[in-house]
Amino acid sequence: TGLRCSVLIRLPLLNAHPKFRQICQDLGLGIRGTNGEHTPIVDGIVDISNKQRLGRTEVELVQLVIDGTNKLIEWEQRLERGESI
C-alpha cells in the first residue's frame, strides 16, 4: 500500500528560514505550494507531506506527518518569540 498524507499549514517565519527545506527533508517531509508540486509558497502557507510512500504502514506514514508537523509548529513558535531553532 502507498499513502501520501498532507497538511496545509501557515509557517511564515519558518518558511523564510534559509534551512527550511533541509529541516523538512531531515524530518522525512516534502513541501509544496498550495497549488501542487513546483508551485510557489504564498503567504507562508505550505503543503507538508510524507516523502516516503511505500514500505511502511499507513499508521507509520500518518504518524510521521503528525510528528513532523508538530515539530515545525514548535519551531515556528520559537521564531515568533525571537528564539533560534
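## Strand pairing around S3

Leucine 8 has aspartate 47 in S3 as its bridge partner, and arginine 32 is likewise partnered with aspartate 47 in S3. The model is predicted: local features need pLDDT of at least 70, side-chain atom pairs count only at pLDDT 80 or more, and totals for chains, interfaces and linings use all residues. Residues are numbered from 1 along each chain as its sequence is written, and side-chain values use heavy atoms, with hydrogens and water left out.

Strand S1 (residues 6–10) pairs with S3 in the antiparallel sense over five bridges. Strand S2 (residues 29–32) also runs antiparallel to S3, and four bridges join the two. Strands here are DSSP runs of E with at least two residues, helices are runs of H or I with at least four residues, and both are numbered from the N terminus. Two strands pair if DSSP finds at least two bridges between them.

Strand S3 covers residues 45–50, and five of its six residues are buried, so the strand is largely enclosed by the rest of the structure. Buried means under 20% relative accessible area, exposed means over 50%, and partly exposed lies in between (1.4 Å probe, protein chains only). In a regular strand the side chains alternate between the two faces of the sheet.

## Salt bridges

Four salt bridges are found in a search of the whole structure; the criterion is a side-chain nitrogen of Lys or Arg within 4 Å of a carboxyl oxygen of Asp or Glu. One of them joins aspartate 47 to arginine 4, with the closest N and O atoms 3.3 Å apart. This pair links distant parts of the chain, 43 residues apart: aspartate 47 lies in strand S3 and arginine 4 in the segment before S1. Aspartate 47 is buried at a relative accessible area of 10%, whereas arginine 4 is partly exposed at 33%.

A network of salt bridges links Arg78, Arg81 and Glu83. Glutamate 83 meets arginine 78 at 3.5 Å, N to O, and its closest N and O atoms with arginine 81 are 3.2 Å apart. Glutamate 83 is partly exposed, with 34% relative accessibility. Arginine 78 is also partly exposed, at 27%, and arginine 81 is exposed, at 53%.

## Nonpolar core

The largest nonpolar core has 15 residues, and those with the most contacts inside it are Leu14, Phe20, Cys24, Leu29, Ile48 and Leu72. The elements that give two or more residues to this core are helix H2 (20–26), S2, S3 and helix H3 (58–80). H3 provides the largest share, four residues. A nonpolar core is a set of buried Ala, Val, Leu, Ile, Met, Phe, Trp, Tyr and Cys residues joined through side-chain atoms within 4.5 Å.

Leucine 14 touches Phe20, Ile23, Leu72, Trp75, Glu76, Leu79 and Ile85, when residues up to four places away in sequence are not counted. Contact means heavy atoms within 4.5 Å.

## Threonine 69

Threonine 69 sits in helix H3 and is buried, at 9% relative accessibility. The side chain of threonine 69 reaches the backbone oxygen of valine 65 at 2.7 Å. Apart from neighbours within four places in sequence, threonine 69 is in contact with Val7, Ile9, Leu29 and Ile48.

Technical notes
A polar contact is a pair of N or O atoms within 3.5 Å; within protein, one must be able to donate a hydrogen and the other to accept it, and residues adjacent in sequence count only if both atoms are side-chain atoms.
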